[in-house]
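Let's take a walk through this structure together. Please keep the viewer open as you read.

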Amino acid sequence: MPNLGPYPVSMHRLSAQDLRRSRTYLWAWWAGWFVLAILCGLALGAMQLGDDVVRQPLGSTGYVLMGLFPAWLGTVVTLHWAPRLTFAFGALLGVLFEAAPVHYDVRGLGWAAAVFAVAGLVWFLWRDSRSTPHGPHVVPANGTQWEGSWAADDARIDAKVGALVAGAFALLTLIGLGVHHFMLSDVAAFEARAELAAGTVVELIEDPYEMVVEVGGQEFTFERFYTDEEQDEPQPGEAIEVLIDGDRATPLGQGQGNPAFVLGITAVAPLLGAAIALRLGTRRSRRRALLERGGPSATVRLLWLEEFDALALPVDDTVPTLRLINFTGLRELDPGEEDVEEEDRPSTHPADDGPASDDDDGPELPVGAFEIAQFIREQEAEEFDDEFTAEERANLEAFLGPRSAANGEPFILVGNWAQGSTVALLRESGEVWFAEVAAGRPVTDRRAVVEAGVPSVKHRAVDRTMRALPVWAHRNAGWLRWALACGAGLVAVLALALFLWGEPVEWPVVFLVLMAASAPWSAISWSEGRISAAPAGLRTHGAFLDEVYGRDRATVVVPVDQSVAVRFERPDELINLGVDVVAPGEALTAEQAAERVRLMIFQSPGSGRSYRAPSPGLAAGVGVVLVSLWLIWPLVG
């Protein structure tokens, strides 16, 4: 394989300008399409629900086209997975919108959506043409055969899943067509038998939203019409026309059966199936073709993020980036190797170890500083070194991706980096991985690069802000967590109150209350697993409960390599905190971090007594539930 060096002169060095010329700005296109798709979908839906609309003849072209409004909403979902396919489908929907018998007020909306979709499709194809490396042709081979490799096994599973998804959505399509046929036949048969009769509105019911109509001495209950003006709705004592056949009746016009919406829902199934199946089903052939034929190459810097995901950085800057997902190594798969369960994998972060206590079945906890440091080192050595052999570590990287890649390690990227395409990543050591290019997440990706401390040739204000923000949040966590939790809870309660204003309350409102109660937790989720200074000592942040460790229980604070160990008694407990947990975003040594922990515990201004307290998320969440019940109770009564 080619020699990487740091950055080979003969290799195309992927630059920030290359990525700027090829990135698609999917988030901006999605925002624009979201607005147009919702408007078109609501316009067609309103035409189905308006009281002045006459339903199109059953089975007619207008009937079919008017029922496509759910398909518009489906394209909002699939745009992230298959933007080119979705834009092509969206252009077709825009033309069909204009062919439907829509109201003149919304004429032209379909053409706007069609033009936007065509522009999006052209934009993506144009950007695809600018996503090809200019370096030498490289075949990403390392002597490992395709068959029997991790990459082949992973792609084989994806192909099976893709086939199952395609079959499932094809079955759903057939079921949808069958349901529509049954409903259409039922409505057509009823209307063929029914007679037109005059009925009188007896009563309008608010909860549920229904009306009682008397026809020939019989009373029928119908769903009330959606109207813009209350005077348009028939009032008690007024006459309406009703189709009646024995004990079955329906109001003429808006109240007539209209199962066309089932066709719109059914139309989403092939789109979803194609978007998922094409993405999974073709992964095997794309990877194998890249391995056998190779492709143009470029040098990039790689930053591993988490399991299966990484960022490819340009060699001359840290932004923009390429998000690479579904990493799988070209390494021989040991047929006798057992899968490693998620819970059995070792932690890769000292702060994830959590507290160890005498209540566990583990070894007795040490007391002295030297013994504590030795105990922590032995535990980490056993966890990180003895848990996996060199062979097992290589297999783990083949499965998860190059997790050892940090600080912008140089790799060779082979293949077109257009969104959705397959690329190969080659390391200087000869290791090869396959991955897929995903849509970028501008804020998340940039924050990951800043937090990783990847060297940048430019010093931007936004990078300095992102680097300083965790430090500021950590230092002000005491009041900031409460402010965010209470603020999120207040916004959630106000939104719930506006939603319920003047509306009848039904049981699904329980889900809205639970969603509102979860807002405070979401607002402070960033702080879970972190620590802060409390008046009584060291506070550890939990999802439901915060625990404060005071000087009444603390015995010794010991710096250990890249972490800080704290020993407590009554009950005996030992916690091990990573330096980046004690001081996120700050370049401190273990000794400096230990001194900061000592100040939090032994020089706290409060009582120094240890205790547990509800987290801001739990307290604010309970408050949201109580206020919501106070708002809902009068409406229920």
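We begin with the chain as a whole and then visit a few residues.

This is a predicted model, in which local features need pLDDT of at least 70 and side-chain atom pairs count only at pLDDT 80 or more, while totals for chains, interfaces and linings use all residues. Residues are numbered from 1 along each chain as its sequence is written, and side-chain values use heavy atoms, with hydrogens and water left out.

The chain has 18 helices and 20 strands; these are DSSP runs numbered from the N terminus, with helices being H or I of at least four residues and strands E of at least two. Of its 637 residues, 45% are buried. Here buried means under 20% relative accessible area, exposed means over 50%, and partly exposed lies in between (1.4 Å probe, protein chains only). Among contacts in the chain with a separation of 6 or more, 71% are between residues 24 or more positions apart, a contact being heavy atoms within 4.5 Å.

Now for the rings. The whole structure holds 19 aromatic pairs. Rings of Phe, Tyr and Trp (its six-membered ring) pair if their centres lie within 6.5 Å; planes under 30 degrees apart are stacked, over 60 edge-to-face, and the rest tilted. Trp123 and Trp126 are edge-to-face, because their ring centres are 5.5 Å apart and their planes stand at 65°. These two tryptophans sit three residues apart in helix α6 (residues 109-128), so about one helical turn separates them. Trp126 counts as partly exposed, because its relative accessibility is 39%. Ring pairs also link Trp123 and Trp126 into a cluster whose members include Trp29, Trp33, Trp72 and Phe116.

Next, find Thr328 in strand β9 (residues 322-329). Is Thr328 buried or exposed? With 4% relative accessibility, Thr328 counts as buried. Leaving aside residues up to four places away in sequence, Thr328 touches several others, among them Trp150, Arg287, Val432 and Asp154. The side chains of Thr328 and Asp154 are also joined by a polar contact of 3.1 Å. Such a contact is a pair of N or O atoms within 3.5 Å; within protein, one must be able to donate a hydrogen and the other to accept it, and residues adjacent in sequence count only if both atoms are side-chain atoms.

Our last stop is Asn576, in strand β19 (residues 573-578). Asn576 counts as buried at 5% relative accessibility, and its side chain makes a polar contact of 2.9 Å with the side chain of Ser563.
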